[in-house]
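Dear colleague,

Please find below the sequence and structure that I am handing over to you. My notes on the findings follow.

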Amino acid sequence: MMKTLKGMLLSLIAISMVFALAACGSAGEAKKVVIYTNGDEEAVAAMETSLKNAGYEGQYLVQSLGTSELGGKLMAEGNKIEADLVTMSSYFIESSQSKHSMFKVLAFDAGATDSYPAYYTPILANTGSIFVNTEVLKDKGLPMPTSITDLTKPEFSGLVSIPNIMDSSTGWLLVQAIITQYGEDAGRKVLHDLIANVGPHLESSGSGPIKKVQAGEVAAGFGLRHQAVAAKATGAPIDYVDPVEGNFSLTESVAVVDKKNATTDLAMKMAETIVKDARKDLIANYPVALYEGETVDEVNKPAYSMTFEKPLTVELLEEHQQFFNGSKE
C-alpha cells in the first residue's frame with residue numbers, strides 16, 4: 001500500500017513539473033504581434049506589404065482605429081493596451097509616454113533627418129494647404145486665394161470647406177497656421193469669419209474638403225496638400241495654394257509597447273521592418289522626406305513650410321480645440 005501511495009505521489013510531482021516546464025516555455029515564446037494603427041488604407045497596405053515580404057505573414061494582426069479612438073485608448077490604458085506595436089500621430093505617442101512611460105526605446109536607428117525621442121520614429125508626414133476648383137472659381141468670378149484670410153472675404157461665403165479640429169487632426173494644421181500668423185486675439189476674428197463662410201461645409205474627415213472641392217460643391221478648401229497635388233496630376237480642375245500663413249505638418253510614427261516579453265522583441269523587429277522597408281511606398285503616397293537620402297519632386301515641396309513654436313501634445317490640441325469652438329461665438 002505504501003509503495004502504491006509513494007508511486008502516486010511521484011507521478012503527481014512529475015506531472016506538475018511537466019506543466020510547470022510547459023508554462024515556462026510558453027512565456028518565452030512570441031505570440032502574434034497586435035498592431036494598432038490610425039493610418040489610412042494606403043499606409044496600412046504599405047506596412048503590411050513590408051511585413052509580408054520580410055516573412056512575417058501570419059505573425060501579426062492589424063487593427064485600424066480612428067485617431068481619437070486610438071488616442072483615447074493609449075491615454076487611458078497605457079501598457080495594458082492590447083497592442084504590441086502602434087503607428088499613430090506622434091503627439092499622441094508623446095503624451096501617452098509622458099503619462100504612462102509605456103514605450104520601449106527603439107533598438108534601431110533609421111537615420112531620420114530631424115531629431116525624435118528615442119522611443120518612436122516617423123513613418124509618414126502630412127502637410128496642410130489651401131486647394132481650389134479652378135472651374136468653380138471661374139464660374140463664380142472669384143479670385144485665386146493666396147491666404148487663409150482670403151477665404152474669409154464675403155465673396156467666398158458658402159463656398160469654402162475646412163476640416164473640424166474636433167474630429168480631424170488635419171484641422172489642427174489650419175489652426176496652427178492662423179495662431180502663428182495672427183496670434184490668438186486677431187486669429188480668433190480670422191477663424192470666426194472663416195467658420196461663418198464655411199457654413200454647412202465643416203467636415204469631420206480630413207479628406208472631406210478635397211472631396212467637396214473636387215465635386216464642385218465649394219470653390220476652395222483646406223486640407224492635405226498631397227491630395228490636391230495628386231488630383232491636379234490626374235487632369236482634374238484642381239489647384240493647390242500654399243497659404244502665406246504657412247504650411248504646417250503632422251507626423252505619424254511607430255512605437256513599441258514595452259510588455260517585457262518575447263512578443264515585444266518580435267514587435268521591435270517588425271517596427272524596424274516597417275520603417276526601413278515600407279518607406280518607399282509610404283513616401284510615394286505621402287511625399288514628405290523624413291530620412292537621409294530621401295527626395296521628393298519639387299511639386300511636393302511646400303513654399304512656406306513651418307513648425308509650430310510649442311511642442312505638439314494632446315494638451316495643446318485640446319487648448320486649440322477650445323480656441324476653435326470659442327471662435328464660433
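In these notes, a residue is called buried under 20% relative accessible area, exposed over 50%, and partly exposed in between, with a 1.4 Å probe and protein chains only. The model is predicted, so local features need pLDDT of at least 70 and side-chain atom pairs count only at pLDDT 80 or more, while totals for chains, interfaces and linings use all residues. Residues are numbered from 1 along each chain as its sequence is written, and side-chain values use heavy atoms, leaving out hydrogens and water.

Aromatic residues

Rings of Phe, Tyr and Trp (its six-membered ring) pair if their centres lie within 6.5 Å; planes under 30 degrees apart count as stacked, over 60 as edge-to-face and the rest as tilted. This rule gives five aromatic pairs. One of them is the edge-to-face pair of Tyr91 and Trp172, at 4.9 Å centre to centre and with 85 degrees between the planes. Tyr91 belongs to helix H4 (residues 90–100) and Trp172 to helix H6 (residues 170–198), so that the pair links distant parts of the chain, 81 residues apart. Helices (H or I, at least four residues) and strands (E, at least two) are DSSP runs, numbered from the N terminus. Tyr91 and Trp172 are both buried.

Tyr119 and Tyr120 are also edge-to-face, because their ring centres are 5.6 Å apart and their planes stand at 70 degrees. Tyr119 counts as buried because its relative accessibility is 13%, and Tyr120 counts as buried at 5%. Together with Phe103 and Tyr116, Tyr119 and Tyr120 form one aromatic cluster.

Helix packing

H6 and helix H11 (residues 314–327) pack at an angle of about 20 degrees, with their axes 8 Å apart; axes are lines fitted to C-alpha atoms, for helices over the stretch in contact, and angles run from 0 to 180 degrees between N-to-C directions. H6 is therefore roughly parallel to H11 (angles under 35 degrees count as roughly parallel, over 145 as roughly antiparallel, 65 to 115 as roughly perpendicular and the rest as oblique). Residues in contact (heavy atoms within 4.5 Å) include Trp172 of H6 and Phe323 of H11.

Positive phi values

Ser101, although not a glycine, has a positive phi of about 45 degrees. Ser101 sits in the loop between H4 and strand E4 (121–133), and counts as exposed because its relative accessibility is 56%. Lys260 has a positive phi near 55 degrees and lies in the loop between E9 and helix H9 (262–277).

With kind regards
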